[in-house]
Amino acid sequence: MALLTPEDLAEINRQLEKSDETVQRATGLDIKGVCKALYGTEAGSEKVGIVPITAGNGIIGSFSESLLAIVRYFGLDGFITKKPDVSGYYEAVTSGADIVLMADDHTYLAHNLKNRKIANNQPCTGIVYAEIASRSLLAGNKDVLVIGLGKVGFPGAEHLVKKGFSVYGYDVDNDLLKRAVSELNVTPLDLETEAKTETSKKFSMIFEATPCPDTIPEFVLEKDCLVSTPGIPCGLSEDLKIKYGAEVVMEPLGIGTLSMLYSIL
Ligand code: NAI
Ligand code: PYL
Ligand code: MG
């Protein structure tokens, strides 16, 4: 999995505020409102225990501190355990955590100790960003383009299909594209070949979940489109964002984390 860097997480509160403003402007809901609409839940007085994990590549500077800032930004109570790993888990539970957040290099989980529900960051991130894309107030149809059909993108595409949207998909990995076509009935849109044709389908709603920059080509963009992308770095260039007046929702950790939390309340 592509790992976050301390640079990705810089000024996390400012990134959250900016994302909240963009989501509100583009969809009419703030991030909490989107998660409530998705899961039918709302945060209460749950206490969140954040456990640093030293496995694999080890602790990412400011990852736990960013999670604490995120939890508090959304109005929950939280704490970071003094110890990491198993000792930290023990500390979280004995300190009265209702929910535990922890991540190694492969899995970032939220576990509700009260109701035993558990969430994985990748599908929760895909679902919430896909939901945001699908709620564009300016969209004139139900066509959504999904670029990147991996651990985040595929669950997002699946969510959009279940919601009755007309989902077009692309992934450079042909096997993943074929899987989305066969399992989700996604319409494949090969951006490589489309680039060569004069006309191409344009989209007001785009969900991108790849680890590459500039994956969203100009010929798929409608004016005033909404690009909802957890992918790091951003798949839409700054030039195209300005040229098409696109709203871009992109944030490194918080939106996905709130989706996890709301899914286990
Ligand atoms: P993944 O590797 O499972 O999926 C990425 C997919 O993008 C792959 O199927 C790959 O073939 C495809 N891809 C790569 N370049 C492409 C291109 N130019 N055009 C079309 N498809 C392309 O990775 P995963 O776990 O789905 O994560 C995707 C991105 O989301 C990563 O950058 C990850 O860091 C980020 N992420 C962000 C989160 C957030 O809250 N902002 C949370 C979780 C992941
Ligand atoms: C959850 C993020 C979103 C994108 N990539 C995922 C990532 O960076 N995962 C690794 C997280 C490691 C955290 C480290 C710590 O500081 O506790 N074990
Ligand atoms: Mg996020």
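A residue is called buried when its relative accessible area is under 20%, exposed when over 50%, and partly exposed in between (1.4 Å probe, protein chains only). The model is predicted, so local features require pLDDT of at least 70 and side-chain atom pairs pLDDT 80 or more, while totals for chains, interfaces and linings use all residues. Residues are numbered from 1 along each chain as its sequence is written, chains are lettered from A and ligands numbered from 1 in written order, and side-chain values use heavy atoms, without hydrogens or water.

Begin with helix H10, residues 254-263; helices are DSSP runs of H or I with at least four residues, numbered from the N terminus. Of its 10 residues, 9 are buried, among them Ile255, Leu258, Met260 and Tyr262.

Next, colour the domains, whose bounds come from an automatic or database domain assignment. Domain 1 comprises 12-120 + 255-263, and domain 2 comprises 123-251. Their centres, taken over C-alpha atoms, are 26 Å apart. At the interface, 23 residues of domain 1 contact 18 residues of domain 2, contact meaning heavy atoms within 4.5 Å.

Now select ligand 1 and the 25 residues that surround it, counting a residue if one of its heavy atoms lies within 4 Å. The closest are Lys151, Val152, Asp171, Leu176 and Glu251. Helix H5 (residues 121-134) supplies the largest share of this shell, 3 residues.

Finally, display the polar contacts, pairs of N or O atoms within 3.5 Å. A polar backbone atom of Val152 is 2.8 Å from a ligand 1 oxygen, and a backbone N or O atom of Pro252 is 3.3 Å from an oxygen of ligand 1.

Note on methods
Helix = DSSP H or I, 4+ residues; strand = E, 2+ residues; numbered from the N terminus. Polar contact = N/O pair within 3.5 Å; in protein donor to acceptor, adjacent residues only side chain to side chain.
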